[in-house]
Amino acid sequence: MSVVTEVSPDGQKLTISIKGRFDFGRHQEFRESYERLNKKPQSIVVDLKEATYLDSSALGMLLLLRDHAGGDDSDIRVVNSSSDVKKILAISNFDKLFDIS
Amino acid sequence: MTDPHVDRDVLDTLREVMEDGYQELLETFLADSESRLHELQATTSAKALSDVAHSFKGSASNMGAVRLAALCQDLESNAKDKSPETLAQLVAEIHGEFANVRSVYEDEKLHVHTH
Amino acid sequence: MQAQEPLTVLIAEDSAADRLLLSTIVRRQGHEVLTASNGAEAVDTFERQHPDLVLMDAMMPVMDGFEAARQIKALAGEALVPIIFLTSLTESEALARCLEAGGDDFLAKPYNQVILAAKIKAMDRLRRLQATVLQQRDLIAKHHDYLLNEQRVAKAVFDKVAHSGCLSAPSIRYLQSPYALFNGDLLLAAYTPAGDMHVMLGDFTGHGLPAAVGAMPLAEVFYGMTAKGYGLAETLREMNAKLKRILPVDMFCCATLLCLSFQRRSVEVWNGGMPDGYLHRMASGERVPLPARHLPLGILSAQAFDDRTDVYPMAVDDRVFLLSDGVIDTCDANDQLFGVERLQQVFAANREPDRLFEDIEQALRDFRGQARDDVSMVEVSLLESAQTQGPASAYPESGPSCPLDWSASFEFRGATLRRFNPLPFLLQLLLEVHGLRSQSGALYSVLAELYSNALEHGVLGLDSSLKRDAAGFARYYELRGARLASLQDGFVRVHLQVQPQGEGGCLVIRVEDSGKGFDVARIMERPLDTVRLSGRGISLVRQLGRNASWSDQGRSASVEFFWEIEA
């Protein structure tokens, strides 16, 4: 599994971890990771610790997640980005939409 | 009683499969066999003997003529190696065996409607 | 047991008795039977009647079963016509010959009905499977052809869209791999009515047709608004709103937009999500990065969208270089990115500026062994000749009704000045006067100068002498942005008066502002056509219009245009 999902016991926090390449090949898995939940979590963490690469379709997937989680009212943190991944997120100015660390 | 020449079970099956065509099958086999025997008589070429024996073996086995098929198999396999005398001997045996089974098939033909 | 569809079965057997027996068995199993008594007959029957399956005796006169099988397989082509050899052959060598000749299975004598039925059934399954595979393959091939053709047509359309602007201008050099546009890269360029040049390099998310779909509306907005005299900010807002409206949430367009102005010796830049561009100052050799300060187009709502641009001074022959991420995201065999550092090494090693693209391509090849198919690069120079490269009139003759005797006055106040650019609106109004259309470039340039003078030096009180060096230039535009954002009061008034005169007519433009005015006499003493960064606006107005004059201590500017009716 290259997309691993974990929900906190109280159901408030969803953590989605990506392993390997985060590109269009992950599209289905990534969407299912949050769409199949019965209850919308209050906050979402996207863990990129084991993500080796991120392309523009991955950025699109993050936008889909943001839209699903309530757009401007969403609380999404993108954590553990490698320096390469951080560069891509910085060029796209995605730090204006997501809390990136 | 087991017939060493013709497998009666095969004949039963053929009768059942062929239904109205049974008599024609018997006639065709007999006519076919006459011409095979003629071919065996007419040649001394090992290759020709082997080929004819092969075909004859095939139809003999289909018709349940087990001993005839075995003799043909013998001729087919050994045509290259055996002396002309031995081959002539084998061809003669095949003739003899066909004479044996012929009466069986003729008999079947006559009684085809009584079965 | 599933009922089997009846097949046409060819039986090739030289022994009449066996042939009769086998025909009867096969027919009883519900199939249609064709017979042949030797190989040649079998081939002939196959050619004429196309049976589905063949039962073939190996040893036959005239042509044996092996040769007949070979010929039948050749005739059948790609379709699977199973051949079951009828044989009492026992030697493995002979069985191998059957397979080599194309046989699919064997049936030994004496025949067994049950086995025969099972084999025919198995072969029929195989035959159907093969037919399905072929059918699906042909379908896929058809769809593929269809798709390729659609892509070809779409590419032709998009190529036209992307090349209908001024990409062939002498100041532009660009390189796009043939399918770059199809991978979502879009390069557009067009002149504004004032002769400035707008350039856009965009990169849609994803690949293929979906990525290229957004290119059409974007190009439409870009060309339409540039031709009408809208600035980058308005054009960007419209593009963003349009993409936000039509694209799915996960699609967006990274883009850099440039406005190169020879008149102002400057370049205005907006970069949303594209790799750094570079302003290459030829005098110093310095390369100033033009980094992404914004989210890509199509993500933010109209309210949240940020249209702020950066303005940099440019000297004649300075160049702006833009590139798509296909360049820096090129990966080598170990998934290493080419990266910005390697790009900068190419910059440093480049000796002939005109061979920069070739140097970059070579570096990409050396790095990876092959170039990606979504590499786009563009370089725009500020050329002296750009001034004379006026745009062709974007307004075709629209009819005989032509207003010739009228006047109109407008007052644009604080809140409006913050957001609204009235120039396209004013130009459109003036171009209703057919006689003025041939002068639309000069007209727009003069209007633009008078308006920006009134706004920047008048209403916003900015000192043009700030612009004498690069640092001051940046400071000037920073101040401009800040003061405009907090603008409450003030006005710019525009009076237009059109009157018939002889065979033609006359237009008087008067622009007033609420500012403090300036020392008219001192400015007028300066020689025309100065190439300093500041004060060029006034000399431009004096060159392009007639009877340019300033009154009310510089708070009111007036200029005239004349035209003759062509016979």
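Modeller: Start with chain B. From the N terminus on, its elements run α-α-α-α-α. This is a predicted model.

Colleague: How many helices and strands does chain B have?

Modeller: Chain B has 5 helices and 0 strands. Buried residues make up 37% of its 115 residues. Among contacts in chain B with a separation of 6 or more, 62% join residues 24 or more positions apart.

Colleague: Why is His54(B) called buried?

Modeller: The cut-off is 20 or more other C-beta atoms within 10 Å. His54(B) has 20 other C-beta atoms within 10 Å, so His54(B) is buried.

Colleague: Where is His54(B) found?

Modeller: His54(B) is in helix 3 of chain B, residues 46–62. UniProt, in an unreviewed entry, lists His54(B) for "modified residue: Phosphohistidine". Such annotations may be inferred rather than shown by experiment.

Colleague: What makes a residue a contact of His54(B), and which residues are they?

Modeller: The C-beta atoms must lie within 7 Å. Leaving aside neighbours within four places in sequence, Glu76(B) and Met59(C) are in contact with His54(B).

Colleague: How many residues does the contact between chain C and chain B take from each?

Modeller: That contact takes 16 residues from chain C and 18 residues from chain B. On the side of chain C that touches chain B, the largest share is 8 residues, from helix 1 (residues 16–28) of chain C. By class, that side of chain C has 8 nonpolar, 4 polar and 4 charged residues.

Colleague: What is the secondary structure of chain C?

Modeller: Chain C comes to 17 helices and 20 strands. Of its 567 residues, 41% count as buried. Residues 24 or more positions apart account for 68% of the contacts in chain C with a separation of 6 or more.

Colleague: How do you know that the span of helix 14 of chain C is close to the expected one?

Modeller: The expected span is 1.5 Å times one less than the number of residues. Helix 14 of chain C (residues 440–459) has 20 residues, and 28 Å is expected. From first C-alpha to last, helix 14 of chain C reaches 26 Å, close to that value.

Colleague: Why is helix 14 of chain C called mostly covered?

Modeller: Being buried takes 20 or more other C-beta atoms within 10 Å. In helix 14 of chain C, 17 of the 20 residues are buried. Gly461(C) follows helix 14 of chain C, with a positive phi near 65°.

Colleague: What makes a set of residues a nonpolar core?

Modeller: The members are buried nonpolar residues of the listed kinds, joined through C-beta atoms within 7 Å. The largest nonpolar core has 88 residues, and Leu218(C) and Leu258(C) have the most contacts inside it. Not counting residues up to four places away in sequence, Leu258(C) touches residues including Val199(C), Val267(C) and Val320(C). Apart from that core lies another, of 65 residues, among them Leu14(B) and Ala17(C).

Definitions and conventions:
Residues numbered from 1 in each chain as written. Chains lettered and ligands numbered in written order. Predicted model: local features only at pLDDT ≥ 70, side-chain atom pairs only at ≥ 80, totals over all residues. Helix = DSSP H or I, 4+ residues; strand = E, 2+ residues; numbered from the N terminus. Buried ≥ 20, exposed ≤ 12 C-beta atoms within 10 Å, placed from the backbone. Contact = placed C-beta atoms within 7 Å. Nonpolar A, V, L, I, M, F, W, Y, C, P; charged D, E, K, R; others polar.
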